[in-house]
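Here are my notes on the model, point by point. Please keep the structure open while you read.

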Amino acid sequence: MMSQREAWVAELMDLAERDDRILVLDGDLGTSTKSADFAGAYPQQFFQMGIAEQNLVGVAAGMASLGAIPWVGTFGVFLTQRALDQMRMLVAQTGANVKFAGHYAGLLNGGAGKTHQDIEDLAILRVMPGMTVIVPADAAETRAAVRWASEHTGPVYLRLARDPEVEVNTGGTLQPDHLVELRRGNDVVVISTGVQTARTVGAIDLLTDQEVSVRHLHAAFLKPLSEETVVTAIGDVTEVITVEEHSVRGGLGGLVAEAVSSTGRPVRVTRVGLADAWSESASNEYLLDHYGLSSERVAARIEAVLLTSPRGQQ
């Protein structure tokens with residue numbers, strides 16, 4: 001399996017071969033983000049900016065003003081925490097055509113711990129006017145997202161995980177303000193995003209022999225994703241579960257809860273993700289189980305929701 005970081009740089013190299021406006025700016029993490037591969041192939045389109053994330057974003061904004069399509073590649077936590085002011089003031093407020101690749105986002109970043117685990121990035125950037133937020137499920141969707149973002153005019157944040165994940169069949173297209181239906185059902189709607197979608201597919205597979213009818217939707221775009229799109233996708237179902245490798249506050253769960261609250265219908269939204277607390281360093285397997293994000297733990301959560309629903313109490 002190809003990781004999202006490998007897919008990111010592979011697509012950028014394909015684009016750079018045809019378009020010299022594609023530039024990559026690195027924050028001294030080229031071996032981690034794989035942008036070192038781009039540097040080897042297209043040295044004239046690569047810029048090593050060092051450990052200076054605020055300057056990194058500022059330079060990218062300047063390049064965009066000259067007609068370039070700069071991609072900023074560094075750890076997501078360094079973008080959304082250290083360089084947030086520059087992302088807001090120099091890029092989002094001006095509409096600069098800068099693309100951000102937030103690598104090593106979420107929990108599973110090689111055991112670096114809470115200093116490097118960015119579980120707040122989606123909440124921070126989803127509320128930033130003018131910022132498009134894409135959270136692809138796998139390598140194939142990452143490549144599609146890089147192409148879409150490079151063609152789109154305006155700021156884009158692309159959330160990327162470190163390790164390879166199982167490929168998810170999302171249909172081969174990437175559409176803003178759209179939810180991809182991965183499974184049809186009518187008892188409960190499960191909405192997932194990013195690499196957590198593959199684990200959620202695994203969770204629902206564990207329920208197939210238990211007469212549970214689950215509609216599974218994948219959100220590659222967290223922004224734009226309108227209330228109307230969410231409400232229409234949910235339909236008449238009264239139990240909705242969101243699953244994300246992110247805080248339960250402000251990300252996908254918050255977005256869906258906001259949309260549902262506008263309907264006035266009695267819909268319960270259960271948000272599966274990290275609680276309002278700092279994460280910790282451990283193996284991937286331990287972290288996924290500890291925070292309820294493994295396929296087995298997600299399946300158990302879906303079962304628990306159904307048992308307490310009106311359907312389960314009949």
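1. Start with the contact between two helices. From H9, Gln-196, Arg-199, Gly-202, Ala-203, Ile-204 and Leu-206 meet Ser-295, Glu-296, Val-298, Ala-299 and Ile-302 of H13. Contact means heavy atoms within 4.5 Å. By class, this contact has six nonpolar, three polar and two charged residues. Gly counts as polar here.

2. A word on the basis. This is a predicted model, where local features need pLDDT of at least 70, side-chain atom pairs count only at pLDDT 80 or more, and totals for chains, interfaces and linings use all residues. Residues are numbered from 1 along each chain as its sequence is written, and side-chain values use heavy atoms, with hydrogens and water left out.

3. Now the geometry of that pair. The axes of H9 (residues 196–206) and H13 (residues 295–307) come within 8 Å and cross at roughly 60°. That makes H9 oblique to H13. Angles under 35 degrees count as roughly parallel, over 145 as roughly antiparallel, 65 to 115 as roughly perpendicular and the rest as oblique. The crossing of H9 with H13 is right-handed.

4. Next, H4 (residues 53–65) and H6 (residues 84–92). Their axes come within 9 Å and cross at roughly 10°. H4 and H6 are therefore roughly parallel to each other. Gln-54, Val-57, Gly-58 and Ala-61 of H4 make the contact with Gln-86, Met-87, Leu-90 and Val-91 of H6. The residues divide into five nonpolar, three polar and no charged.

5. Is Thr-142 buried or exposed? Thr-142 counts as buried, at 0% relative accessibility (buried means under 20%, exposed over 50%). Thr-142 is found in H8 (residues 139–151). A polar atom of its side chain lies 2.7 Å from the backbone oxygen of Asp-138.

Conventions. Axes are lines fitted to C-alpha atoms, for helices over the stretch in contact, and angles run from 0 to 180 degrees between N-to-C directions. Helices (H or I, at least four residues) and strands (E, at least two) are DSSP runs, numbered from the N terminus. A crossing is left-handed if the near helix is turned anticlockwise from the far one by less than a right angle, and right-handed if clockwise. Buried means under 20% relative accessible area, exposed over 50%, partly exposed in between (1.4 Å probe, protein chains only). A polar contact is a pair of N or O atoms within 3.5 Å; within protein, one must be able to donate a hydrogen and the other to accept it, and residues adjacent in sequence count only if both atoms are side-chain atoms.
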